[in-house]
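Hi,

Here is the structure I promised to pass on. Please open it alongside this note, and my findings follow below.

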Amino acid sequence: MYRNIFALVVLMLIISTHRILAHRSRRENRSDRFLASVGLKIRHYNPRQLDSHDLPLYTNIDRDLRQFLLTARGTTLNWAMQNIESLKQRSRREGKMQKVMPDQVPFPCPLNNTRSRIAPTSVERLRPGDIDIIAAIGDSLSAGNGIMSATAFDMLNEFRGLAFSGGGLGDWRTYLTLPNILKVFNPQLYGYATGNSLVVNHRISHLSIAEPMIMSRDLVYQARVLIDLMRRDPHVDLQRHWKLLTVFVGNNDLCSDICHWNDPQSAIDQHARDLRKAFRLLRDHVPRLLINLIVAPNIQLTMSRLTGAVSLQCFMVHRLACNCLISDRLSPAQRRQRQETILRWQQVDLAVARLPEFQRQDFAIIAHPMITNMTTPVLPNGKTDWRLFSHDCFHFSQRTHAMVSNLLWNSMLLPDEQKPRPNVLPQPFQWFRCPTEDQPYLVVRPS
């Protein structure tokens, strides 16, 4: 089996390299223009020139590697889609899927007065049904990687249509996502992913532009891409439509980058600058925008208490993909230092969302700390509840995406001091908050 996998990887590398060489003389593409607009111009790789972390280098190696990864991810996703029913049945058998709600069970919330007769001019008067456009920015957790799986290799596959922040496949009965909740209040909602695809397939991904391996430093670039997509999409009325964007980054920074900084505080300060730059760009170019900022989880807290047998594939994924936090070489002092770094990172997310410069009549940022305290899920017998994870024991299963969607929806209707921060994630629909006659609006201002 491993010989076949190795041969496949080599074959994809050859095919990808051929395509890269064939297109090397092409004119500057849109990605290059966006990168140049944020100060990153392509350079030839020079091993003597180190990354200062002040302004990341963007070289021909980076560009060619991205093309190779897109080709590889596209190939594995095509295989997965050919066996999608088998993957779905296995995930449901293993309890990694939410329970389907019967047709006779009504939607938990009444729909009266949940959309304004006339679109509001203030974000403080925004009802759930007033949102016309939905979008998502983030990393593999927002791109839906590994939502359905048979092995750890399925973490390469982007089941974008099922992702909590940007997926719109099916409906709330089958796949509870934020778009599928909002579709009930506004059936004309647009922007969610309508299928499982790579981000570059905009006919399916639409405005769900989360992508694996994204870090904080990529936020400004993703913001530029989103602005361009909205301007060019005939379904988006940039001036009139109210838009909801969910941003979720930091997992890759904390897992695989933070330990390579000489001073972790410098990385945190850079993260704050990344957030401010991206949000200023969006504030100044996208009218009528509400942003959900998902505060980074405490990955060390979540993954450090796994019990029972951990498979070899999970052991390898943890130590390769999250080597800064999950490593047998970390001393107790280093573990405490990493924990402090995570807590300071979370505080930056919360603080930036509260800045006065982001509190305008038609613009607001809501920070959601709903998974900041998430601990290792356990069964009644004390063993790890693997139903919440993909087969790489790291990415979320569809069941967990449904849980997070429910939490995010609840959080959007609650003031800061009441926003959920559970240690154990509640099951879908265990507590589903609704707009009320006294409070029909989304809560968008810090309290």
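A surface patch, as used here, is made of residues with over 30% relative accessible area and no salt bridge, and nonpolar side chains are joined into one within 5 Å. Please keep in mind that this is a predicted model.

**The nonpolar patch**

Which residues make the nonpolar surface patch? They are Val310, Leu312, Phe315, Met316 and Leu320. The patch covers about 480 Å². Phe315 sits in helix α12, which spans residues 312-321. Its relative accessible area is 33%, so Phe315 is partly exposed. That value also meets the over 30% cut-off for patches.

**The disulfides**

How many disulfides are there? The count comes to four. Number the bonded cysteines in sequence order and the pairing reads 1-8, 2-5, 3-6, 4-7.

Start with Cys109 and Cys434. A disulfide joins them, with an S to S distance of 2.0 Å. The angle about the S-S bond is -85 degrees, and the link is left-handed. This pair connects distant parts of the chain, 325 residues apart. Cys109 is in the loop between α4 (84-93) and β1 (131-138). Cys434 is in the segment after α14 (398-412). Both Cys109 and Cys434 are buried.

Next come Cys255 and Cys322. Their S to S distance is 2.0 Å. With -80 degrees about the S-S bond, the link of Cys255 and Cys322 is left-handed. The cut-off for buried is under 20%.

Then there is the link between Cys314 and Cys393. Here the S to S distance is 1.9 Å. The torsion about the S-S bond is about 55 degrees, so the disulfide of Cys314 and Cys393 is right-handed. It links distant parts of the chain, 79 residues apart. Cys314 is in helix α12, and Cys393 is in the loop between β4 (363-368) and α14. Cys314 is buried, because its relative accessibility is 1%. Cys393 has a relative accessible area of 8%, so it is buried as well.

Phe315 is partly exposed, whereas Cys314 is buried.

**Two further residues**

Asp228 lies in helix α8 (residues 219-232). Its relative accessibility is 18%, so Asp228 counts as buried under the 20% cut-off. What does its side chain make a polar contact with? The partner is the side chain of Arg232, at 2.9 Å.

Thr302 is found in helix α11 (residues 299-303). At 5% relative accessibility, Thr302 is buried. Which residues does Thr302 contact, leaving aside its neighbours within four places in sequence? They are Met374, Thr375 and Thr376.

Best wishes

Note on methods: Residues numbered from 1 in each chain as written. Predicted model: local features only at pLDDT ≥ 70, side-chain atom pairs only at ≥ 80, totals over all residues. Heavy atoms only, no water. Patch = residues over 30% accessible without salt bridge, like charges linked within 9 Å, V, L, I, M, F, W, Y side chains within 5 Å. Areas by Shrake-Rupley, 256 points an atom, 1.4 Å probe, with all protein chains shown as cover. Salt bridge = Lys/Arg side-chain N within 4 Å of Asp/Glu carboxyl O. Helix = DSSP H or I, 4+ residues; strand = E, 2+ residues; numbered from the N terminus. Buried < 20%, exposed > 50% of the residue type's maximum accessible area, 1.4 Å probe, protein only. Disulfide = S-S within 2.5 Å. Polar contact = N/O pair within 3.5 Å; in protein donor to acceptor, adjacent residues only side chain to side chain. Contact = heavy atoms within 4.5 Å.
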